[in-house]
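Let's take a walk through this model together.

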Amino acid sequence: MAAPGLRGAGLVRAVLRVWPLSPRFAGEWVIPFSSLSCCQRRCLSCVSGATFSGPRLTSASRRYGQGSALDHFLGCPQPDSSLLTPCVPAVSTRREEQDLLLVHRPDMPENPRVLRVVLLGAPNAGKSTLSNQLLGRKVFPVSKKVHTTRCQALGVITEKEAQVILLDTPGIISPVKQKRHNLELSLLEDPWKSMESADLVVVLVDVSDKWTRNQLSPQVLQCLTQFSQVPSILVMNKVDCLKQKSVLLELTTALTEGVVNGKKLEIKQAFRSHPGMDGPSPVAKDPNIKSVGSPRRTGWPHFQEIFMLSALNQDEVKTLKKYLLAQAQPGPWEFHSGVLTSQTPEEICANIIREKLLEHLPQEVPYSVQQKTILWDEGPSGELMIEQRLLVPRESHVRLLIGPKGQVISHIAQKVARDLMDIFLCDVQIRLSVKLMK
């Protein structure tokens, strides 16, 4: 929590939009607090609520709208539920509120159902994009560059009596790649740990990638084999990028070895590869006579279902979401219905900033940036005020991150503020500073 004097000074500077370089910021390049213009701000209908002493647990309805899950068990007056329509819960801007919600007893109905789902796939297959679409709110970072997700993250879908828990794992990689590129150990371990508690595995394949789409990676196959008792489905993502849809038939045969839900696929010869298309996938043979280690294995013959979609298409994702909710089995919920993610608000913010760095900085530069939160506080009008310092190893990286006349860092700050507003459902003012590592 920032000292009153610091917060007051920060607000004055934010209003004036002037940030002199004090001794504390010597050697830093800074961008003022950034928030969206009035016309861009999300309009929220709010009601007044009580203020709590001790931990600063102000009424959640004041910031997150009526019917907040936090208000239910903090004792705030609730509006008539018959007048409310189901909506995706917002994430609290305060860690203590988020922690309290995570440990609170689930408000489950009389006949609850639950399903733990693990998303597996190669790096950059679209796992986080799909997770965000299923959740209905962007809480996981998304980038075209690989290894955007650095550790396991959890999302929760709650509708009626069913609760689906999504475990968004890092792209599954080999130990050789982890060691060669000096990547975090979590990138190697988290997908395997997630499988231990999974009720269903969703294997995601990017069908727009001509180099990898014809077969599942050895690591994914090894994971499926080791946990063969866990049901699995195949999701073929980015089908909108394919000019010739007939290639999907070849890919389906290769990725499933011609068997889905115990039945052999019947692919007519008329749909085989045409001139100019990619070469035909290996012809599926009896999966029972192949060993996992065989170099000829290309897919998994035990998928229960196949979905072909674009993770950016809400209608197509809704079909998958309905399937997941229907697969939920009788059992107690693990979380309160107001929980959207297990991440802290600071973690969400750091991940979103990192996403923008990956988006705007070239090659390996964003992977070397270290982040440090300096300020996280609530302004006088309920806005969230954030200050984060970005530490870079080289002066050339500083120039890249700042950009001509501060355009790059300013653009990043604006995009981060916009995303965080959609996550927290409140106005966000963010200040980014760049400093050279010593």
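**Starting in the core**

Leaving aside residues up to four places away in sequence, Leu130 touches Leu119, Leu204, Val235, Ala311, Val317 and Leu320, where a contact means heavy atoms within 4.5 Å. Before going further, a word on the ground rules: this is a predicted model, so local features need pLDDT of at least 70, side-chain atom pairs count only at pLDDT 80 or more, and totals for chains, interfaces and linings use all residues. Residues are numbered from 1 along each chain as its sequence is written, and side-chain values use heavy atoms, with hydrogens and water left out.

Back to Leu130: it belongs to the largest nonpolar core, which has 60 residues. Such a core is a set of buried Ala, Val, Leu, Ile, Met, Phe, Trp, Tyr and Cys residues joined through side-chain atoms within 4.5 Å; buried means under 20% relative accessible area, exposed over 50%, and partly exposed in between (1.4 Å probe, protein chains only). Among the residues with the most contacts inside this core are Leu130, Val235 and Leu420. Helix α13 gives the most to it, with nine residues. A second, separate core of 33 residues includes Phe227 and Phe303.

Helix names like that one come from DSSP runs numbered from the N terminus: helices are H or I with at least four residues, strands E with at least two. Strand β13 (residues 428–436) has eight of its nine residues buried, so the rest of the structure largely encloses it. Its partner is strand β12 (residues 384–392), paired with β13 in the parallel sense over nine bridges; pairing takes at least two DSSP bridges. Gln388 stands opposite Leu432 in β13.

What about a lysine? Lys321 sits in helix α10 (residues 314–327) and is buried, with a relative accessible area of 18%. Its side chain makes a polar contact with the side chain of Glu159 at 3.0 Å (a pair of N or O atoms within 3.5 Å; within protein, one must be able to donate a hydrogen and the other to accept it, and residues adjacent in sequence count only if both atoms are side-chain atoms).

Finally, how far should you trust it? The average pLDDT, the predictor's confidence in each residue from 0 to 100, is 74, and 66% of the residues score at least 70. Over residues 1–27 the pLDDT stays under 50. Where pLDDT is low, the predicted coordinates should not be read in detail.
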